[in-house]
Amino acid sequence: MTNLCADELSYEAGGERILDRVSLDVASGETVAIVGPSGAGKSSLLRLLDRLDEPTGGTVYLDGTDYRTLPPETLRKRVGLVPQDPALRGGSVRENVTIGPRLRGKTVSEARLSELLDALALSGYADRDASELSGGEAQRVAIARTVVNEPDVLLLDEPTASLDSAAEAEVERLLADLLADGDLTVVLVTHDERQAERLADRVARLRDGRITDVGTPREVIA
Amino acid sequence: MAIPDRLSDPVVVEGLFQVAAATALAAVVIGISSLRDLGLERELGGSFARGFVQVIAMGALIGVLFTIPLAYSGLLLAAMVCYAAWESRKRGDGVPHAFRISVLALGLGSAVVIVTMVAAGAIERTVRNLVPVGGMIIANAMKTNSLTLDRFQGEIESNREEIEAVLALGVPPERAISEFVTESVRASLIPVVDAMRTLGLVYIPGMMAGMILGGANPIYAAEYQFVIMGMIFAAGGLTSMTASLLLGRAAFTDAAQLRRFEATDPTLLGTVRAALDR
């Protein structure tokens with residue numbers, strides 16, 4: 001169980017301020033949704049939380065430890081990001097799901113793989129060609145690819161944005177099951193306020209790179 | 001023969017007609033590029049014209065060049081490496097430290113081969129042998145370096161999301177891009193490997209043909225040609241592998257973040273400005 005704390009995070013790129021002193025405390029096992037219009041800086045915030053970009057100001061604390069003091073590989077294993085675009089590689093579902101451990105020289109047992117695929121409604125998909133998956137299936141593979149690392153914190157970037165309504169409902173249901181245990185600390189970026197309401201314990205509204213509201217879904221989403 | 005006398009030699013005038021024929025063929029290529037809106041006319045035309053001016057200037061000066069002391073030929077080859085790196089870096093526009101990496105890769109690949117082959121006696125310790133053969137090795141290594149840069153930039157840019165998705169899993173940067181680095185090396189060595197595969201069957205190099213026509217033992221001429229090809233092969237391979245190793249590192253920050261490849265001003269002034277900004 002890990003607490004994640006963004007402290008005055010700022011980010012500038014191309015002379016433009018994308019995020020302006022964003023502070024956000026996510027308690028262990030809590031799910032916080034970030035909502036806001038396109039271009040508000042939601043995806044940039046997730047990238048900073050995983051240190052895929054370098055903050056131009058502020059930092060992030062993981063259980064009180066400044067994340068800049070952690071080796072990037074250790075940090076990203078603990079804080080897993082599921083990108084909006086699954087960006088799967090060529091090869092089978094098995095190869096994609098196990099790519100993280102494999103490229104770090106670790107193996108994933110067949111039992112663990114089956115358990116994960118079952119949890120994400122991908123039973124029997126292990127040997128399927130990843131390039132032939134539907135959008136919803138690819139998104140579920142991307143989630144499995146991150147979860148196989150057993151992260152403490154899960155960062156989800158618009159997990160259902162590019163899916164049709166049936167696939168969206170299925171991915172959301174599976175995510176709800178995954179988050180129900182309360183073992184994971186989650187930051188969910190979504191443009192869909194109803195989804196935020198359904199999945200999150202708290203919601204933060206981001207506008208023009210600043211957090212304007214934080215509270216329970218009922219307080220923030222009118 | 002002095003330079004003005006050389007220029008008025010009838011054979012030079014005759015050569016101009018041959019140059020005109022070659023230029024006409026190049027113009028056809030440039031014309032087709034224009035008709036098909038490929039937008040390559042400036043690059044093709046510019047490189048063709050530059051090549052002509054440079055090789056004629058070298059032809060006029062080569063006699064003088066061969067009179068310099070042997071010790072200076074090392075400096076001359078080093079200058080050639082720097083200039084080749086300067087041209088080659090443009091193929092990886094936006095790739096961090098493309099010039100520095102090109103200097104190191106070309107310098108290492110060429111130096112190892114030239115020093116080894118001088119020690120083995122395959123390259124004579126004379127300016128008239130060292131400079132042209134060294135230049136040929138550097139020029140071929142430059143082609144490989146340019147292809148490595150071009151392919152590396154293309155592979156990383158078109159697979160950026162995929163690479164970052166894997167980085168986000170805690171995979172070390174060098175593992176996250178290893179398949180794209182391998183692809184860059186493989187693609188850059190295609191011309192060298194194909195030339196080796198067809199050597200003697202399709203590709204009958206000019207140097208070997210010239211040696212045979214000049215009365216050399218054909219088997220020795222073939223052996224020497226193979227030595228030349230081996231030098232090009234080794235220099236290209238070493239250059240590509242060095243460049244890809246350094247590029248793989250330069251693509252990431254110390255915090256294992258994939259850098260953005262921002263297009264730069266390729267002029268000398270632009271490069272100086274970028275260096276000062278950094």
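**View 1. Val79(A) and its bridge partner.** In S7(A), Val79(A) has Val153(A) as its bridge partner. The model shown here and in the other views is predicted. Four bridges link S6(A) with strand S7 (residues 153-157) of chain A. These two strands run parallel.

**View 2. The open sheet of chain A.** The sheet has six strands, ordered S6-S7-S8-S3-S9-S10 in chain A. It is open, and its pairing is mixed. S6 and strand S10 (210-215) of chain A are the edge strands. Each of them pairs on one side only. On average, neighbouring strands are turned by 20° against each other, direction ignored.

**View 3. Helices packed on the sheet.** Helix H1 (residues 42-49) of chain A packs on the sheet. H1(A) touches strand S3 (31-35), S6, S7, strand S8 (185-189) and strand S9 (202-207) of chain A. The direction of H1(A) makes about 150° with that of S8(A). H6(A) also packs on the sheet, where it touches S6 and S7 of chain A. The direction of H6(A) makes about 170° with that of S6(A).

**View 4. The side of chain A that touches chain B.** Here 23 residues of chain A are in contact with 17 residues of chain B. Four elements of chain A each supply at least two residues of this side: helix H2 (72-78), strand S6 (79-82), helix H4 (99-103) and helix H6 (135-147). H2(A) gives the largest share, five residues. By class, this side of chain A has eleven charged, seven nonpolar and five polar residues.

Technical notes:
Residues are numbered from 1 along each chain as its sequence is written. Chains are lettered from A and ligands numbered from 1 in the order in which they are written. This is a predicted model: local features need pLDDT of at least 70, side-chain atom pairs count only at pLDDT 80 or more; totals for chains, interfaces and linings use all residues. Two residues are in contact if their C-beta atoms, placed from the backbone, lie within 7 Å. Ala, Val, Leu, Ile, Met, Phe, Trp, Tyr, Cys and Pro count as nonpolar, Asp, Glu, Lys and Arg as charged, and the others, Gly among them, as polar. Two strands pair if DSSP finds at least two bridges between them. Axes are lines fitted to C-alpha atoms, for helices over the stretch in contact, and angles run from 0 to 180 degrees between N-to-C directions.
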